Amino acid sequence: MLGKAPPHKPHAHDTASPTSDAARFEQFFQRYEPQITGFLWRMLGDADAACDLCQETFIRAWQHFATVADYPKPASWLFRVASNLALNHVRRPQAVPFNEEFAPAGSDPGNRVVARELVRQTLMELAPKSRALLVLRDVYAFGYADIGQCVQMTPAAVKMAISRAREQFRQIYRAKDGEHR
Amino acid sequence: MSQGVTRCPDAMPIETLTAWYDHELVPDEAPRVRDHVRTCPACQRRLDEYGINTDRLRDFNAPDLHARIWRGVQQEIAHGRRRSVPRSVIGGVGAAAVLVALMVLLFTQLLAQRPGTATSTLQPTATHGSQPPTATTHPTHGSPTPTGTSPWHTVGPAFAQSLALAASDPQTLISCGFVNTKPDQLGNPVGALALGISHDFG
């Protein structure tokens, strides 16, 4: 199913082989893919782009799997790669229509779709880096130091930037919500 | 822009309030902010609003793309191929490769200025015409005797192979430059082609 794995330094307790590497990678994917997809979805607001970049993130993870799998926090590495890919992607401005096909059904689907669209529009109006910081903090509860490593900023700069991003989100959302009512 | 939120009478900085919300305040500062927030309706309202927005962001779930992504990853890996490389990357790598080639050429020319002293593994066909290439070695290393007037220095095969591999990897950036060109003790021109090879993991 999977190709030959990159060289893997075995632990004392496991036997390195392409099969075991493939199995380990599949477990790794199962564990972290929802987080990375969720992050990219919030960064891009577009399912197709999120899918492509998530796929790219995990292909890179596979290429460096022998190293990445042994990191104490592999999620940090994945988020770092995904952040870089997403920030590069959004440098090319593009209007992304909201795809209701992907909106989850709820008890009040109409309101839910509108609320989700408001969140999406608000996120898309933030600067890409602000968006990344806010999502990493509010959704994935990363500490300022970890966020700084993801986006190459100092914790002090992250603190300032998150403060601004949170205020911007609050103000933009309020304005949009007011327009909608 | 601060509709519905009364200004804090103590002018609590937003960065401090945000750090409090994120549990990132330094221990010395936390008690002071905690005491303030308890008694400041403006800050309480703002924190409440932050909380609601955090919930909104968390509820903005991604669609279920799991199977689609896994299928794509499997296909890419099984075929052992990379995704298409953006043109800008191809252009960058191409430019780096051309630059390296030019520097190597310049380097060989520089060394060729002193005839009969260079080790050669490649012979310029233009100077030898139809004659078969002649192997030459450095005179200090013994016979055979140097031939021709324009011997070429080349990089070793292992180095050349490494360079070619690096140049073909779109995630690798190659930079190069000359350092310290001066004659050695025997009067041979000595130059070092400094190569920097960096790899982008993300």
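Visitor: How many helices and strands does chain A have?
Guide: Chain A has eight helices and zero strands. Helices (H or I, at least four residues) and strands (E, at least two) are DSSP runs, numbered from the N terminus. This is a predicted model, where local features need pLDDT of at least 70, side-chain atom pairs count only at pLDDT 80 or more, and totals for chains, interfaces and linings use all residues. Residues are numbered from 1 along each chain as written, chains are lettered from A and ligands numbered from 1 in the order written, and side-chain values use heavy atoms, with hydrogens and water left out.

Visitor: Okay, and what share of chain A counts as buried?
Guide: Of its 181 residues, 56% count as buried. Buried means under 20% relative accessible area, exposed over 50%, and partly exposed in between (1.4 Å probe, protein chains only).

Visitor: Now chain B. How many of its residues are in contact with chain A?
Guide: 42 residues of chain B are in contact with 50 residues of chain A. Contact here means heavy atoms within 4.5 Å.

Visitor: How much area do the two chains bury?
Guide: About 4900 Å² between them, with 58% of it on carbon and sulfur atoms. Buried area is the accessible area (1.4 Å probe) that two parts lose on being put together, summed over both. In chain B, L57(B), F60(B) and W70(B) lose the most area to chain A, together 17% of what that side buries.

Visitor: What about polar contacts across the interface, how many pairs?
Guide: There are 22 residue pairs in polar contact, both residues at pLDDT 80 or more. A polar contact is a pair of N or O atoms within 3.5 Å; within protein, one must be able to donate a hydrogen and the other to accept it, and residues adjacent in sequence count only if both atoms are side-chain atoms.

Visitor: Which helix of chain B gives the largest share of that side?
Guide: Helix 4 of chain B, with ten residues.

Visitor: And how many salt bridges are there between the chains?
Guide: Seven between chain B and chain A, while the count over all chains is 16. A salt bridge is a side-chain nitrogen of Lys or Arg within 4 Å of a carboxyl oxygen of Asp or Glu.

Visitor: Which residue does D48(A) form a salt bridge with?
Guide: R68(B), with the closest N and O atoms 2.7 Å apart. The pair crosses between chains, from helix 2 (residues 47-63) of chain A to helix 4 of chain B. D48(A) is partly exposed at 41% relative accessible area, and R68(B) is partly exposed at 30%.

Visitor: Where do D21(A) and R24(A) lie?
Guide: Both are in helix 1 (residues 18-44) of chain A, three residues apart, about one turn of the helix.

Visitor: Changing topic: how many disulfides does the structure hold?
Guide: Zero, over all chains. A disulfide is a pair of cysteine sulfur atoms within 2.5 Å.

Visitor: Is C8(B) buried or exposed?
Guide: C8(B) counts as buried at 17% relative accessibility, and C43(B) is buried too, at 2%.
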